[in-house]
Amino acid sequence: MNYELIDSGDQKRFERFGDYKIIRPCSIAIWKPKLKKEIWADFDFSFSRSDQNLWTLKKKKPKNFIVKLSDHQFKLLLSDFGHVGIFPEHELLWSWMENKIKNENLKNLKILNLFGYTGACSIALAKTNSFVCHVDASKPMTLWAKENAKLNNVKEDKIRWIVDDVMKFLHREVKRNNTYDAIVLDPPTFGRGPKNEIFKIESDLIELLFLCKKLLKKDFKFLTLSCHTPGYTSQVLTNLLLQVFGNKKIVTDEILIKSKNSFPLPMGSFARIEND
Ligand SMILES: C[S@@+](CC[C@H](N)C(=O)[O-])C[C@H]1O[C@@H](n2cnc3c(N)ncnc32)[C@H](O)[C@@H]1O
């Protein structure tokens, strides 16, 4: 096993990424840890935001390290903001998409991945024989995502890499009459495009979804919306999808990271249109 939520509590989460045991802040974990202090003390790296953003290192800080999730490998690192370059909770979302594509023998789907970050979802989808258009505002993130694609032997023509503001890109795609079989999006609460374009989830998400609707083929296969913004529950996401897409089959839930030792850790919500 290459990723594991070891425990959570006291507003922290204790995870294992490959060979490394890492403690990071987690504001919602307001319960007490289940495992003993000695087990928590056996960490390799711990991040704290209390005084300044700081990693406590018990081992030499690796420049980067490789971790396997499902059948995919990702280059991770200890960033200055306490991120490692993957959201392990998204694994269940890619798995559903991978299974749907495989089980229904869907070939050469054209899939749009918005706010694609370090490429995990794009890579999982590209490996199903789909063609992915990966959009993210950050050039460094996109370079990192490309490295991850190489690490997974994804052929170059499988992913089209776009460094752009999501809203601008969507408007352009609508003008070009481009269409997709599926769309995946994980919008941040607040983000900036490459030219400092502001994205605010509370005012921009609904317009973004209307643009997505214009880009989806009539017989599209799915749209997966995930969200980590506090208070944006399953019902909030469902209301949005119902308003924009009308009466469709919507599957929605909390996004949980399960742990064999501890409570499941809620990391946000998702709502998915399954257009069978
Ligand atoms: C919440 S993360 C997305 C997590 C990712 N989807 C995953 O599965 O791991 C936010 C990403 O959105 C990008 N971003 C923020 N604002 C943006 C914008 N206006 N246009 C395009 N990308 C943006 C950031 O560069 C960052 O990579």
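## Surface and charge

The protein chain exposes about 13,900 Å². Carbon and sulfur atoms supply 51% of that area. These values come from a predicted model.

Charged side chains number 45 positive and 33 negative. The centres of the two sets lie 3 Å apart.

## Overall fold

The protein chain contains 7 helices and 16 strands. Its C-alpha atoms fill a box of roughly 60 × 40 × 40 Å along the principal axes. The radius of gyration is 19 Å, which agrees with the value near 19 Å for a compact globule of 276 residues.

Of the 276 residues, 51% count as buried. Take the contacts between residues at least 6 apart in sequence: 59% of them join residues at least 24 apart.

## Helix 5

Helix 5 spans residues 166-175. Its buried residues are V166, M167, F169, L170 and E173. They cover an arc of only 160 degrees around the axis, so they sit on the same side of helix 5.

What do the buried residues of helix 5 pack against? Their partners include four strands: strand 8 (110-114), strand 9 (131-136), strand 10 (159-163) and strand 13 (198-200). Helix 6 (201-215) is also a partner.

Just after helix 5 comes N177, with a positive phi of about 60 degrees.

Key. Residues are numbered from 1 along each chain as its sequence is written. This is a predicted model: local features need pLDDT of at least 70, side-chain atom pairs count only at pLDDT 80 or more; totals for chains, interfaces and linings use all residues. Side-chain values use heavy atoms; hydrogens and water are left out. Helices (H or I, at least four residues) and strands (E, at least two) are DSSP runs, numbered from the N terminus. The radius of gyration is taken over C-alpha atoms; the globule rule is 2.2 Å times the number of residues to the power 0.38. Buried means under 20% relative accessible area, exposed over 50%, partly exposed in between (1.4 Å probe, protein chains only). Contact means heavy atoms within 4.5 Å. Accessible areas come from the Shrake-Rupley method with a 1.4 Å probe; for residues, only the protein chains shown count as cover. Lys and Arg count as positive and Asp and Glu as negative; His and the chain ends are not counted. The place of a charge is taken as NZ of Lys, CZ of Arg, CG of Asp or CD of Glu. The arc is that of the directions from the helix axis to the C-beta atoms.
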